[in-house]
Amino acid sequence: MASSHTGAKGDPLAGMAHSEAHYFNSYNHHGIHEEMLKDEVRTRSYRDAIYQNGHLFKDKVVLDVGCGTAILSMFAVRAGAKHVIGVDMSTIIDKAKEIVERNGMSDKITLLQGKMEEVVLPFDKVDIIISEWMGYFLLYESMLDTVLYARDKYLVKDGLIFPDKATIFMAGIEDGEYKDEKIGFWDNVWGFDYTPLKATAMTEPLVDTVDMKYVVTDPASVLTLDLYKCTVDDLSFRLPYELNVRRPDFIHAIIAWFDIEFSACHKPIKFSTGPHTKYTHWKQTVFYLQDVLTVEEGEKIVGELENRPSEKNHRDLDITITYKLNTEDMHRQSAGQGMYKMC
Amino acid sequence: MSDTESDTASSVGEILEDISEADTSTFKCLFCDEQWSRVQDMFAHCTKEHGFDVENTIKKLGQDIDELTVIKLINYLRLEAQKSIAPAEIKVDTETLADDKYLQPTLTDDALLFELGDFMPDADSKAIDYDEYEAALQKNVGGNVEKLSLDNDRDTDYFESYKGNAIHREMIEDRVRTEGYRDFIEKNAELFKGKTVLDVGCGTGILSLFCARAGAKRVLAVDNSDIANRARDNIARNGYSDKIEVIQGRIEDFHMQRKIGKEKVDIIISEWMGYGLLFEGMLDSVLRARDLYLKEDGLMVPSHCTMRIAPISDREWISDASGEKFWKDVYGFDFTSMIPGGILNQREIGVFDVPSKSIGGEASTFYQLDLKHIQIRDLDFTAPFSTKLGSSSASIDAFAIWFDTFFLPGEKSQDATAIDVAKWGDHGEAGLGFSTGPYSTYTHWHQAVLLLGDEDRKKEVKGSSTLKGKVTYKKPRKDDRGIDVTVEWEAEGAQGPVSGSSKLTMGA
């Protein structure tokens, strides 16, 4: 935490209780937009990807899928786009219109409220699709299916997609103290046994920042989505992973994060939402394991990561992680599977 | 607020998840121990106090230097400073900085290394690529990256503060609220012994369990949500199934009346309070339950609530809270359109932890709810208040409204307004009640904030004078769960009396 005497000097939130500051940032839907715009890694990466590639945007027609406050649309106009169409289902589009007007870009940006499947675009085809569609764990409440629909319907042959690559990574972490706090909490609630809530807590992946020093294995990439080629079917998958243990330690949880790449750029731009790099509002996703694995350097954890939209509500994700610790030591051998629900 | 839906596993997840957002990195001066929260301020300090212009030094390295060189420069300067070399004596040239040993951070967790993008010669077109930095560091310096604490200290802070806050928040929020109830029940176990208790909106069943443990003969725990199933599990696991009966359904319906039976109950317990006390309208159900099921001489827990109001005079805080500062410049665009719909505005009541220093006058109690006798129609009301303004208050920006909750059984109750809440500890007075005001430990209720109109905010008021006004709470016709709140006020101004009026809503 910041030492308190710095509070008065600049950052207005610095002197406040943490929860207070958090409250400002997330109280309502404006808070969400504020949080996203303030996520520097995210917004700057998009800005750089667009500004540094004026040669790609010059005189092009651009479609911004899920435009929100239209920041990406305005970046595209500044980069030289002929026209930008921003589409969003939410009423935020009214605010976006005001913002675009205030910044003198109303003639360059057409904003449409509605479903991508239903709106009528002022152009038959677009040259470039830009979108910030990623959700927690990449795919939770993500708009990727909408982006793919827009690609198939509107993108010209050889058109560009910003970003165009997304990769999911996994790693194992030591997290004894916090697991105990989060899951063990239900063992004793004000002197009562609340363990019926424990099983539920175990099935809920936690979206949280993980400190690099708790990461016990090498990261392993599990899935790369190429947005030029992938289909909605690719978003349901069951794929193997293998984690190399880097040091003797315990493993309480598997974490997942994603990297994003704008490979159409003159100099490719990437950002990561992993534990090794700068904070983003996506943080990492933590999946607690039933067992605690006792691991030695050089051993491997192998298993499969399965993800599919829930049958009941396709916005929810059903995630299954199987794991097996490969070790000679039969006392430490362990295998199992965790089933999780993001909803 | 009822804990009906808020104490489930998932909401703990949400609470936990929501916490780590504020950015509280600090930047240590390159040459002394002072900490700054903005890089610009720190650099200005270096120029002024140490005679070393960092930005100019970066410029002098030439247009073509890359981000790694700037990072090396910072590490180099810190290293030299550690050798007690006077800032003005430090020699900076590109040859020195060619050495990759300066990639290694001099300070562990040096937040500055991640904020240098804006100080690049061509800041607008070049983003610092930290992956590249990390790769270079691993390649050129080697060793164990983990030991270098390369990850931004901001991340570490987030994680650490988050850990701390998670416990903190669970403890404190539950402490003020849950401990408030628990202390009353445990200190007054004789009131519960052998009695029948109705828990309205039981949530996970915690209040019912407290009552049963204190000796209640029978507890009826009612909740309309599916959480009732979990409450049942919790109660079974703690061996109280014979004492506590969980019933899922609406408290008012016929089916419920049959289940509860003709025998009335001795005590009704409920945690029904919402933002601004009455938002969410759960009190209506509690009062209907009282009229249907409570014995004539029965006890309401809690027994009283008082509502309090105080003026806020703090432009700076308002500007932050309304987001005005942030929206003025978003990556070079004007986003002020977002402000009118922002979190603090002149239409909707905001919910904030108001810093006590922002309060510009004495708190005034304007309404008392005696839960035993109050009627649903009394929840729409107009009530006067009067407050002495602080000596330095020159204008009013907003009003803060909060409530205090009391547990006053039997004949010692009557007038809760006579109790001096200011004398309570931060967490309330054990067994007597708790406050949700700006002077006490914060609770999940925070305070309700009513921002005044721009014209009213400009009106000058005289410090130390008395401001008088009235507060009106009214449910909008079509929205049972929302509230319209109107505050009318008058005060002494610089040239004669000034007055104002604001009407805001808290809607679903």
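In which loop of chain A is A:Pro163 found? A:Pro163 is located in the loop that connects strand 5 (155–162) with strand 6 (165–173) of chain A, where helices (H or I, at least four residues) and strands (E, at least two) are DSSP runs numbered from the N terminus. The structure is a predicted model, in which local features need pLDDT of at least 70 and side-chain atom pairs count only at pLDDT 80 or more, while totals for chains, interfaces and linings use all residues. Residues are numbered from 1 along each chain as its sequence is written, chains are lettered from A and ligands numbered from 1 in the order in which they are written, and side-chain values use heavy atoms, with hydrogens and water left out.

The peptide bond from A:Phe162 to A:Pro163 is cis, with omega near -10°. In chain B, a cis peptide bond joins B:Val301 and B:Pro302, with omega about 0°. B:Pro302 lies in the loop between strand 7 (294–301) and strand 8 (304–312) of chain B.

Positive phi values occur at two leucines. For A:Leu138, phi is near 65°; this residue is placed in the loop between strand 4 (126–131) and helix 7 (144–154) of chain A. A:Leu138 counts as buried because its relative accessibility is 0%, buried meaning under 20% relative accessible area, exposed over 50% and partly exposed in between (1.4 Å probe, protein chains only). For B:Leu277, phi is near 70°, and the residue is found in the loop between strand 6 (265–270) and helix 12 (283–293) of chain B. B:Leu277 has 1% relative accessibility and therefore counts as buried.

Not counting residues up to four places away in sequence, B:Leu198 touches, among others, B:Leu220, B:Ile251 and B:Tyr293, a contact being heavy atoms within 4.5 Å.

The model scores ipTM 0.73 and pTM 0.62. Chain B has a mean pLDDT (the predictor's confidence in each residue, from 0 to 100) of 79, and 80% of its residues reach 70 or more. Over residues 123–128 of chain B, pLDDT stays under 50. Residues 139–172 of chain B also have pLDDT below 50. Where pLDDT is low, the predicted coordinates should not be read in detail.
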